[in-house]
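Work through the exercises below with the sequence and the structure at hand. Try each task before reading its solution.

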Amino acid sequence: MRQTTLYAHTKFQIAPVDPRIFGGFLEHIGRAVYEGVFDPDCRHADEDGFRTDVMDAMKHQSMTVMRYPGGNFASGYHWMDGVGPQKLRPTVRELAWQSIEPNAFGTDEFIRLCRKMDWQPMLTVNLGTGSPEEARNWVEYCNCPAGTNFADIRVGNGEEMPYDVGLWCLGNEMDGHWQLGHVPADQYAIRAQQAAKMMKDADRRIELVACGSCSVDMFDTYMEWDRQVLDYLGDYADYISLHRYVGNPKDDTPDYLAVTNSIDRQIEEMDAVCRFVQARRRSDKRTYLCFDEWNVWYKNRETDGEGKFAPHLVEEVYNLEDALVVSGFLNSFVRHADSVRIANIAQIVNVIAPLITRGDDLLVQSIYHPFTMYAGRQEGTSLRTFVDGAGYMSESYGRVNYIDAAMIQNDRKLHVFVTNRSTDTDVPLRIVLEDRPIESLVSAEILTGGQDPKAANSFEQPDLVGKQPYREIKVAGGRSQCFLPPLSFAAMTFELEKW
Ligand code: AHR
């Protein structure tokens, strides 16, 4: 195959990368909370009942922000059920996933977990069955100093200091007919505006995420929903949410790996509607994008908890091609650092997740690795990257290069992320930073799984897909050169020559 060259220039910058694009999402669904992060009976449980094996594995992913408690769950959740003495917390029939919810894990436990993991908390308020006032009271509980009712309830529960939760989502997927309390855009906008006002009155510093379209192709309200919501919410909308779950139902790997084109496009379309509304309102305030649910999800559709506690729901098994698509999502967020400020992979453990628990055991799935490869390479400025090389025409998403790429420059460090979509061929790859010679390679890892796109880890064979140090990279004459194996993702860090 002919050589692919990545061209960049340190002056051609997109924007500083917001570290919050490396976020996660923890929902009360299936075994995500119970048997996932929280499992007091597990051999690995710490003094708070959190699973240390899950926490230790997650530390390598360096997630920055964590969304909670849903998802669809949030639209039927009353946060007061999940605070206070454990014995007094009600066990309820949970409405989104038809499960039993004992409320043993709630706001205080979540914040404790965030502190242990160094995650910024991000809470989703209930705008389905809940009221704007209930949302406002939650802000008071979390963020206000002692001296008023809900803040004092927190203090009574043992937490004198406010939690300072900075990010709040105004409901979840309210355009979806499955959502508890689903309404048309104009009605959601009214609800969200009322909640936003009261929430910001409780704490001026918080930032709010409005519910955007939850799908690009399911409803004909795509974009129109977003326009109406943004128009009505005005400057209350600091961010608007995007959701995206992709898959390979046609079992066509090259086509599936080209889905990155449509992720780029979804981001650009959502940014366009934000800019359109901003211009029409003649406002100085730009609404940024919060991609607060994204992942591969198409194989397992078990969503009915059948009245059970911690049922096995949507425990998707991930393979090599899925991991490459996950790397493509992350590359796309970096390429759109000017508009995407927050992103959360859905989810973190057991439910459509990089990690799976079974009793006391833990399995690391293929999609775990792209995050660990971005870890330590999150900081810096995204550089415009021109990919000059061979490509192919995909059936669903148009033409793509074999190589999907993103670059982050941090002073004298250059981080390069490359996914090879070719199913059978090494791609000769050259990296050229036009105005700054590359001096040396600092570190590099590569994710592979042989040439089998369907290779997947299991408890029996846990290491089929994994990352390893990538040593076959040469640096000469200020440029870098390697042969990227088929179906792989590499993350590299170079030292640039001193100016
Ligand atoms: O992540 C699982 C579910 O997918 C979320 O609860 C919902 O928001 C989305 O439809």
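This is a predicted model: local features need pLDDT of at least 70, side-chain atom pairs count only at pLDDT 80 or more; totals for chains, interfaces and linings use all residues.

Residues are numbered from 1 along each chain as its sequence is written, and side-chain values use heavy atoms, with hydrogens and water left out.

**Exercise 1.** Find where Asp 271 sits and state whether Asp 271 is buried or exposed.

Solution. Step 1: Asp 271 belongs to helix H8 (residues 260-280); helices (H or I, at least four residues) and strands (E, at least two) are DSSP runs, numbered from the N terminus. Step 2: its relative accessible area is 14%. Buried means under 20%, exposed over 50%, and partly exposed in between (1.4 Å probe, protein chains only), so Asp 271 is buried. Step 3: leaving aside residues up to four places away in sequence, Asp 271 touches Arg 286, Leu 289 and Ser 339, where contact means heavy atoms within 4.5 Å.

**Exercise 2.** Why is helix H2 described as largely enclosed?

Solution. Step 1: eight of the eleven residues of H2 (residues 107-117) are buried, so the rest of the structure largely encloses this helix. Step 2: the cover over these buried residues includes helix H1 (52-59) and strand E7 (120-124).

**Exercise 3.** Which strands are the edges of the open sheet of seven strands?

Solution. Step 1: the order is E2-E16-E20-E21-E27-E23-E24, with antiparallel pairing; two strands pair if DSSP finds at least two bridges between them. Step 2: E2 (13-16) and E24 (466-469) each pair on one side only, which makes them the edge strands.
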